[in-house]
Amino acid sequence: MPLIHTIDHPVVEGIRVGRVGPKGKYRINTTCIVYRLGDTIIDTGPTKEWQTVKQFLEARKVRQALLTHYHEDHSGNCGHIQACFNSVIHSHKNNHKKLASGFRLNFSSKHIFGEISFADAQSFPDELPLDNGLSLKALHMPGHSSDMTTLYEPNEGWLFSGDLYVSSQVRYAHREENVSEQIQSLQAAVALDFESLFCAHRGFLVDGKQALQNKLDFLVSLQQEVQHLYAKGWSVSAIRRKLLGREDTVALFSGFDMSKNHLIQACLKP
């Protein structure tokens with residue numbers, strides 16, 4: 001698949017890769033962005049887009065690849081990049097086993113993104129120096145996944161958010177998601193001194209802190225409503241129908257790995 005588009009920013013480079021429709025249209029959830037700051041990249045894109053990603057990266061050496069989390073659209077090419085460029089792969093310790101030996105993927109994910117390429121990852125150090133004199137801080141912000149990590153540049157006011165944001169109002173969740181943890185992570189994120197948000201799916205947002213605040217407000221409200229109805233004896237399915245409507249093709253094509261029901265259940269996890 002050809003390159004979809006590049007990220008328009010004076011310092012941070014990026015390309016969006018993934019699946020596009022017959023008229024060149026793309027969806028946020030079937031594409032992913034690989035960001036680059038000099039010889040450092042953030043996320044690696046899916047294996048089905050390796051040739052496009054490789055062409056983007058061959059312009060300069062890749063010293064280190066930083067993974068926000070293990071999901072296949074973010075980590076897919078980590079093994080290819082490690083082998084091709086002799087790069088160091090940094091990620092949260094919670095995903096090292098998955099990156100080294102793989103994990104289960106549903107049919108839809110395999111079809112859209114492909115399997116991951118295995119890699120030996122190292123834990124994030126306290127500071128991640130860049131070749132332009134800046135440095136990133138890895139901040140563990142679970143909820144979307146147990147290893148979800150954002151990369152923060154305090155001097156420039158940048159936050160590379162992985163899948164912490166994606167949308168202000170979500171309607172689906174993976175099985176593993178935990179809304180209580182997401183709320184805590186979003187609260188920690190909005191307390192940081194930044195404005196520019198680099199989302200792995202939505203792209204570059206100038207008013208990034210407000211975007212995260214909007215999602216935080218939405219999740220707090222949703223969780224309160226879900227817990228209120230559940231305490232009154234409503235079932236998960238009944239709450240889902242009232243607040244989010246019926247399940248649709250997103251759940252069907254993902255084998256119900258991603259669904260509205262999972263979002264309701266995520267609101268009830270401690």
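**Figure 1. Helix H1 lies across strands S2, S3 and S4.** In this predicted model, local features need pLDDT of at least 70 and side-chain atom pairs count only at pLDDT 80 or more, whereas totals for chains, interfaces and linings use all residues. Residues are numbered from 1 along each chain as its sequence is written, and side-chain values use heavy atoms, with hydrogens and water left out. H1 covers residues 50–57 and runs at about 165 degrees to S2 (13–20). Axes are lines fitted to C-alpha atoms, for helices over the stretch in contact, and angles run from 0 to 180 degrees between N-to-C directions. Contact means heavy atoms within 4.5 Å. Helices (H or I, at least four residues) and strands (E, at least two) are DSSP runs, numbered from the N terminus.

**Figure 2. The open sheet of 7 strands has the order S1-S2-S3-S4-S5-S6-S7.** Its pairing is mixed; two strands pair if DSSP finds at least two bridges between them. Strand S1 (5–6) and strand S7 (121–123) are the edge strands, each pairing on one side only. The parallel pair of strand S4 (residues 40–42) and strand S5 (residues 64–66) has 3 bridges. Here Ile 42 stands opposite Leu 66 of S5.

**Figure 3. Two hairpins involve strand S3.** S2 and S3 are antiparallel and share 7 bridges. Glu 13 has Arg 36 in S3 as its bridge partner. Between these strands there are 5 residues, and Gly 24 in this hairpin takes a positive phi near 85 degrees. S3 also pairs with S4 in the antiparallel sense, over 3 bridges. The bridge partner of Leu 37 in S4 is Thr 40. The hairpin of S3 and S4 has 2 residues between the strands, and its turn contains Gly 38, with a positive phi of about 65 degrees.

**Figure 4. The open sheet of 6 strands runs in the order S8-S9-S10-S11-S13-S14.** The pairing in this sheet is mixed. Strand S8 (128–129) and strand S14 (203–205) form its edges, and each pairs on one side only. Strand S13 (residues 196–199) is antiparallel to S14, with 3 bridges. Phe 198 has Phe 204 as its bridge partner in S14.

**Figure 5. Strand S10 is largely enclosed by the rest of the structure, because 5 of its 5 residues are buried.** Buried means under 20% relative accessible area, exposed over 50%, and partly exposed in between (1.4 Å probe, protein chains only). S10 spans residues 149–153. Thr 149, Leu 151 and Glu 153 point one way from the strand, and Thr 150 and Tyr 152 point the other way. Strand S9 (residues 135–140) pairs with S10 in the antiparallel sense over 4 bridges, and Ala 138 stands opposite Leu 151. S10 is also joined by 3 bridges to strand S11 (residues 158–162), which runs antiparallel. In that pairing Glu 153 has Trp 158 as its bridge partner. The hairpin of S10 and S11 has 4 residues between the strands, and Gly 157 in the turn has a positive phi of about 75 degrees.

**Figure 6. Helices H7 and H10 cross at roughly 85 degrees.** The axes of H7 (residues 208–231) and H10 (residues 260–268) come within 9 Å. The two helices are therefore roughly perpendicular to each other. Angles under 35 degrees count as roughly parallel, over 145 as roughly antiparallel, 65 to 115 as roughly perpendicular and the rest as oblique. From H7, Leu 222, Gln 223, Val 226, Gln 227 and Tyr 230 meet Leu 263, Ile 264, Cys 267 and Leu 268 of H10. These residues divide into 7 nonpolar, 2 polar and no charged. Ala, Val, Leu, Ile, Met, Phe, Trp, Tyr, Cys and Pro count as nonpolar, Asp, Glu, Lys and Arg as charged, and the others, Gly among them, as polar.

**Figure 7. The buried residues of helix H8 pack against H7 and H10.** In H8 (residues 236–243), Val 236, Ala 238, Ile 239 and Arg 240 are buried. Gly 245, which follows the helix, has a positive phi near 85 degrees.

**Figure 8. The whole structure has 0 disulfides.** A disulfide is a pair of cysteine sulfur atoms within 2.5 Å. The closest cysteine sulfur to that of Cys 84 is in Cys 78, 13 Å away and too far for a bond. Cys 84 is partly exposed, with a relative accessible area of 38%. For Cys 199, the closest cysteine sulfur is in Cys 32, at 8.8 Å, again too far for a bond. Cys 199 is buried, with a relative accessible area of 0%.
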